[in-house]
Amino acid sequence: MEKRALITGITGQDGSYLAELLLEKGYKVFGLRRRTSVPIMENIEHIKNEIEFIDGDLLDLTSLMQAVKIANPVEVYNLAAQSFVGTSWTQPGLTAQVTALGVTNMLEAVRLVKPEARFYQASSSEMFGKVMETPQKETTPFYPRSPYGVAKVYGHWITVNYRESYNMFACSGILFNHESPRRGVEFVTRKVTDAVARIKLGLQSELRMGNLDAKRDWGFAGDYVKAMWLMLQQDTPDDYVISTNETHTVEELVEIAFGHAGLNWKEYVVIDPKFVRPAEVDLLLGDCTKAKQQLGWELEVGFEQLIKMMVDSDLAKYNKQGIGK
């Protein structure tokens, strides 16, 4: 019998890697797509003909119920959100509506239409914020430091609440930073690797950055979506931290990226106060022991390999456009 999955946020980084994984496993994949005048399909251009798209919006319960009815999924992956931390300060209301209340709408649609479907919620390490312990694990108290982090805490707890209130198979993956060549350029890793490629090719002269001392636990998105799938294959629903168990500074990221292109980062990086967050998260470091032991999940791509992969991808992108040849 064909397995059917519904993915919200399918055109994003995680959605595209998850769609690839599910298609490889023989799933019929449905993607919820918010109606826009010009669809953004770059991340899934290579597989879009294998996906059935359904128009819908996390703020519209009726459209979500219709999407669940059409897809008739055995698994639902809720990845859609206003996912950029920086934007959450300038658009806190929208972030709350989409990243917090949107989860409730999606859970409610599943409960009303297909309550036996297994549900995955994309939680975030930003929920830990001003960390209460290091490393952070499933039992670490949350102390979010941004409107985004606060909204993700709501999404996380409403998922737990639906699991306990309605006996739904609902899981949350508390994913630490996960990156790839498909990451948007507004995120710091891709901002750096794209700038390195542009500087190498003479398209820009400097890179303006905020806090270089901030530490993050960065992994490869392609590895992390495997953990999402594994969570929904278990006998009982639970929540899991997904991380690398390593932490690196933004400065390390910058040094590796520039060095891979044969450049000295100190000649190009300028510290700009406008990129310093109102409330900074200084250190995030996950403990993924539970995921490794219970899910059998393993990392395949290391930090340095990831950053070099992203630099190579950005260089290739510009070369493909005829720049730098």
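A residue counts as buried when its relative accessible area is under 20%. Keep that cut-off in mind as we walk through this predicted model.

Let's start with helix α5, which covers residues 147–166. Its 20 residues reach 28 Å from the first C-alpha to the last, close to the 28 Å expected at 1.5 Å a residue. Quite a list of its residues is buried, including Tyr148, Ala151, Val153, Ile158 and Tyr162. What covers them? Among the elements doing so are α4 (92–113), β5 (118–124) and β6 (170–175). Just after the helix, asparagine 167 takes a positive phi of about 55°.

Now hop over to strand β4, residues 75–78. In a regular strand, side chains alternate between the two faces of the sheet. Here Glu75 and Tyr77 lie on one side, Val76 and Asn78 on the other, and all of them are buried. Strand β4 runs parallel to β1, joined by four bridges, with tyrosine 77 opposite isoleucine 7. Four bridges also join β4 to β5, again parallel, and there asparagine 78 faces glutamine 121.

Next, the rings. The structure holds nine aromatic pairs. One of them is phenylalanine 142 with tryptophan 157, edge-to-face at 6.2 Å centre to centre and 65° between the planes. That pair ties the loop between β5 and α5 to helix α5 itself, across 15 residues. Phe142 and Trp157 also belong to one aromatic cluster with Phe128 and Phe176.

Methods. Residues numbered from 1 in each chain as written. Predicted model: local features only at pLDDT ≥ 70, side-chain atom pairs only at ≥ 80, totals over all residues. Heavy atoms only, no water. Helix = DSSP H or I, 4+ residues; strand = E, 2+ residues; numbered from the N terminus. Expected span 1.5 Å × (residues − 1). Buried < 20%, exposed > 50% of the residue type's maximum accessible area, 1.4 Å probe, protein only. Contact = heavy atoms within 4.5 Å. Pairing = 2+ DSSP bridges. Phe/Tyr/Trp six-rings, centres within 6.5 Å; stacked < 30°, edge-to-face > 60°.
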